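Student: Could you take me through how a few features are read from a model, one at a time?
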Amino acid sequence: MLLFYATRDGQSRRIAERIAARLADRGIDAPSRDLADAFPVPADFAAAPLVAVVAAVRYGRHLPEAERLLATYRELLARAPLVFVSVNLAARKSGKDTVAGNQYLRKLLARHRLKPALATAVAGRIDYPRYRWRDRQMIRLIMMMTGGPTDPQTCVEFTAWPAVDAIAARIADLHGCAGNRSENPDSRPA
Ligand SMILES: Cc1cc2nc3c(=O)[nH]c(=O)nc-3n(C[C@H](O)[C@H](O)[C@H](O)COP(=O)(O)O)c2cc1C
């Protein structure tokens, strides 16, 4: 199966690597690949039983390479079931991990007119000292409005690793189903 990530600060890579490790525990070989380094060709989609993407949100949008992957997936009318994991800070709040509850996920899937077999959001990380001044101020402002940390020295990981493990388990189940059927209606374009 194909497992991609789109990241700028590394948290989506860590999440994708954790999913890859849990899948490996179940005997599924799915090394995580950076979409910025290796964008798949159409033949990759045709051969894969499942396509999974872990992608970060910046300023309200998922990273461009993740948007491009979804556009390509749809253009190719790929048959492989799709899994999309959005990484953002809104998801640190209860109920914001679903398509209905997470505006980034909801808008992205509506824009691409896709209905993945699994779509979910996972909380990312804040690392203020690492950010450029403008980004730091913007994220602090968003955190001030949403009740999060604003101390410019803050470095905090919100990612719930048990939730990531649960996502990996669901991917493993989908992978098993995909291997057992020739067509996968679950994630056809909506
Ligand atoms: C410049 C910048 C903009 C961000 N914009 C948003 C945003 O609009 N909404 C949100 O929920 N999180 C936002 N975040 C938080 C990121 O989604 C979070 O830090 C995530 O862990 C980043 O993933 P990455 O480490 O894989 O790049 C932003 C972070 C940065 C640095």
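Student: How many aromatic pairs does the structure hold?

Tutor: This is a predicted model, in which local features need pLDDT of at least 70 and side-chain atom pairs count only at pLDDT 80 or more, while totals for chains, interfaces and linings use all residues. Residues are numbered from 1 along each chain as its sequence is written, and side-chain values use heavy atoms, with hydrogens and water left out. A pair of aromatic rings is described by the distance of the centres and the angle of the planes. Rings of Phe, Tyr and Trp (its six-membered ring) pair if their centres lie within 6.5 Å, and planes under 30 degrees apart count as stacked, over 60 as edge-to-face and the rest as tilted. The structure holds two such pairs. One of them, Phe-45 with Tyr-73, is edge-to-face, at 6.5 Å centre to centre and 65° between the planes. Because Phe-45 lies in helix H2 (residues 42-47) and Tyr-73 in helix H3 (residues 64-75), this pair ties together parts that are 28 residues apart in sequence; helices (H or I, at least four residues) and strands (E, at least two) are DSSP runs, numbered from the N terminus.

Student: Which strand gives the most to the shell around the ligand?

Tutor: Strand E3 does, with three residues. A residue belongs near a molecule if one of its heavy atoms lies within 4 Å of it, and 21 residues surround the ligand, with Thr-7, Ser-12, Val-57, Tyr-104 and Arg-125 the closest.

Student: Which backbone atoms lie 2.9 Å from a ligand oxygen?

Tutor: A polar contact is a pair of N or O atoms within 3.5 Å. A backbone N or O atom of Gly-60 lies 2.9 Å from a ligand oxygen.

Definitions and conventions:
Polar contact = N/O pair within 3.5 Å; in protein donor to acceptor, adjacent residues only side chain to side chain.
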